[in-house]
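Here's a quick tour of the aromatic rings in this protein model. Have a look at the structure, then read on.

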Amino acid sequence: MPISAAQLVFDSQHIWHPYTNLLNPTPVFAVESADGVYLNLSSGERVIDGMASWWSAIHGYNHPVLNQAVKSQLDKMSHVMFGGLTHQPAIELCEKLIEITDSNLQCVFLADSGSVSVEVALKMAIQYWYSKIGYSKKGYSKNEQSKSGPSKGDKQKSKFLSFKNAYHGDTFGAMSVSDPENGMHSMFAGVLPQHFFVSAPTCLSDDDWKSEYINEFKAILNVNHNEIAAVIIEPLVQGAGGMRFYCSEYLRQIRKLCDEFNVLLIFDEIATGFARTGSFFAYEEAKVVPDILCLGKALTGGYMSLAATLTSRKVADTISAYQGGNLMHGPTFMANPLACSVAIASLNLLLNSDWKSKIADIEKQLIEELRQCKNFENVVDVRVKGAIGVIELKEPVDMERVQIRFIELGVWLRPFGKLIYIMPPYIIKPSELTQLTTAMVQVSKESF
Ligand code: PMP
């Protein structure tokens, strides 16, 4: 049955949508169904999706292979607890994740959302140093150590260093390492644990690299490394904090400094992972391997919520060897079999496709078709990386008006602030992509 007008009123009065309020809610559009790159709205329009449901639906919607993976698993079991039990989909997915990521990353924690995988990464980093300091203390027997932990005199490495403009999720730990001022979480500043931040990276190309770009980062580590457990960053693309791109050399310099100052390196690839930036993982472009890696979003091809935190044997074994060694995290829906099954199917689809040339083609087309906006008076910047295209305006868009306009133009795009951006499903055809970029150009023009 199609959605009724009364249900839409109920929605506006009772249901929060992301980042909205209930007194003055922004309008929502009801979706009846979705297939391929199309969303079928209840109002009858069929619009091309340029958002891939926030980076996740890389194979489009209603994909027969992904549907089948869920259906087959559903007939066996939709869920069982992961405490004390295990199952084929979880094992197969973790084997696959270990196979496709760097050989240093050998141990996996399956979380139920990107934010939770960040929480787990932060816990891992703190617990690693807690265990390492406690375990290496001289003059304790194994039993004494297991009671004492690091003593009060030990510097506790429990802080994090991150970039301004960072975004790592909406839970409290993730908020605390996201941009403290510009971010969506500034009203919680007084409640959140305080961490260290450095200016967001600006250098776009390794050819333009200057050694002074890393000075601020180095200075903070130099003074505070005894307190810092890990650096956490989104490699090469800062997503929700402004869709900003930066060059690989930062990552190489940061890896070097982390090693020098005994600090772990966490890469949040929840948005950048699974080919979005042009390499399968952004860290591959920089040839830099993190100690802890967070994956999510496109992991299940956008079908279900699932994320993963991967780490090295060194980190896992150090945590595991001390004080009982348990990593104290265990969500109810950890390793949900439906989500794991569809993740395996999605990864197989992606790995068996010519994803590299597909993303390169999308990139080329985005560059060609968006470039004209650079000449518009109200446009500050146009940038493209892999299957991500961004038009940055001088002024924030009028969301309500722009959203309706995009629907009129037959596309689904959801700008934020001054950014009109696109990250389409990888299966998009050139003609469909042209319809999206034409709408972006048109709306940028009309935003004078
Ligand atoms: N990290 C990054 C880089 C993200 O883009 C997001 C989601 N926008 C998250 C973490 C949080 O993921 P989730 O919304 O699944 O909790």
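Phe274 is buried, at 1% relative accessibility, and Phe281 counts as buried too, at 0%. (Buried means under 20% relative accessible area, exposed over 50%, and partly exposed in between, with a 1.4 Å probe and protein chains only.) Keep in mind that this is a predicted model: local features need pLDDT of at least 70, side-chain atom pairs count only at pLDDT 80 or more, and totals for chains, interfaces and linings use all residues. Residues are numbered from 1 along each chain as its sequence is written, and side-chain values use heavy atoms, leaving out hydrogens and water.

**Ring pairs**

- A pair of aromatic rings is described by the distance of the centres and the angle of the planes.
- Rings of Phe, Tyr and Trp (its six-membered ring) pair if their centres lie within 6.5 Å; planes under 30 degrees apart are stacked, over 60 edge-to-face, and the rest tilted.
- Searching the whole structure turns up 17 aromatic pairs.
- One of them is Trp209 with Tyr213, edge-to-face at 5.5 Å centre to centre and 70 degrees between the planes.
- Trp209 is buried at 18%, while Tyr213 is partly exposed at 30%.
- Phe274 and Phe281 have planes at 65 degrees and centres 5.6 Å apart, so this pair is edge-to-face.

**A cluster**

- Phe163, Trp209, Tyr213, Phe217, Tyr246 and Tyr250 are linked into a cluster by ring pairs.

**Charges over rings**

- A charge sits over a ring if NZ of Lys or CZ of Arg is within 6 Å of the ring centre and within 35 degrees of the ring normal.
- Arg46 has its charged end over the ring of Tyr38, 4.1 Å from the centre.
- Over the face of Trp129 you'll find Lys157, 4.5 Å from the ring centre.
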